[in-house]
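Trainee: Could we go through the pockets of this model together, with the definitions kept beside the values?

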Amino acid sequence: MIMVICMKRRKGIFLFWGLVLVVIYTTLECLKLIPEKIYYDSDFGYERIKSNLDVEGDSIDDYQDILEGARIYVKKNSPYKSAYYSGGYPTNECAICADVIWYAFQNAGYDLKKMVDENIKNYPEVYSTIEKADPNIDFRRVKNLKIFFDRHAISLTLNTKKNGKVEI
């Protein structure tokens, strides 16, 4: 009986201190007091893949421009708000997950909205989930972006292991 009480007390103390640590860590993270570690391809032994294109002519290849655009947009930390906007683009005060994608492409000089809108117009049968095209929202819908990128992008594997070993 005494052993059961001691075990419950230990469990309670462990749980209490665990919660205290979570609260402290979360507070420090919210106050930006924990340094943010940014990982690069070289940290994992990967070679950076460079694009031969530089659409906007800024001497930075398009892959790097797209990556940097995504980083910039995510750092804005805009609150999530799903809404309909005339013209398609949201205000700077709110965003949805798909906004990271068009912004990243815009950073490299691509107009993803125009590309998706044209693709929907020219190949409506491929976008079976759309009843009526709407340029104000179509490029911000994940289902439409998936179809667009399945048709126009190269799919890379996420599996970096071959026979249980990391392949570089």
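Trainee: What makes about 1500 Å³ the volume of the largest pocket?

Mentor: On a 1 Å grid over the protein atoms alone, a pocket is an open set of points where a 1.4 Å probe fits, with protein on both sides within 12 Å along at least five of seven lines. Grid points are joined across faces, edges and corners, and a volume is the space filled by probe spheres set on them, so the figure of about 1500 Å³ is the space in the largest pocket. The model is predicted, with local features needing pLDDT of at least 70 and side-chain atom pairs 80 or more, while totals for chains, interfaces and linings use all residues. Residues are numbered from 1 along each chain as its sequence is written, and side-chain values use heavy atoms, without hydrogens and water.

Trainee: Which residues line the largest pocket nearest its centre?

Mentor: A lining residue has an atom within 4 Å of a point; there are 33 in the largest pocket, and I49, Y63, I66, I154 and L156 lie nearest its centre. The largest share, seven residues, comes from α2, a helix being a DSSP run of H or I with at least four residues, numbered from the N terminus.

Trainee: What is the volume of the second largest pocket, and which residues line it?

Mentor: The second largest pocket has a volume of about 310 Å³, and its lining includes Y25, E29, R71 and K75. Two or more of its lining residues come from each of α1 (2–30) and α2, and α2 gives the largest share, three residues.
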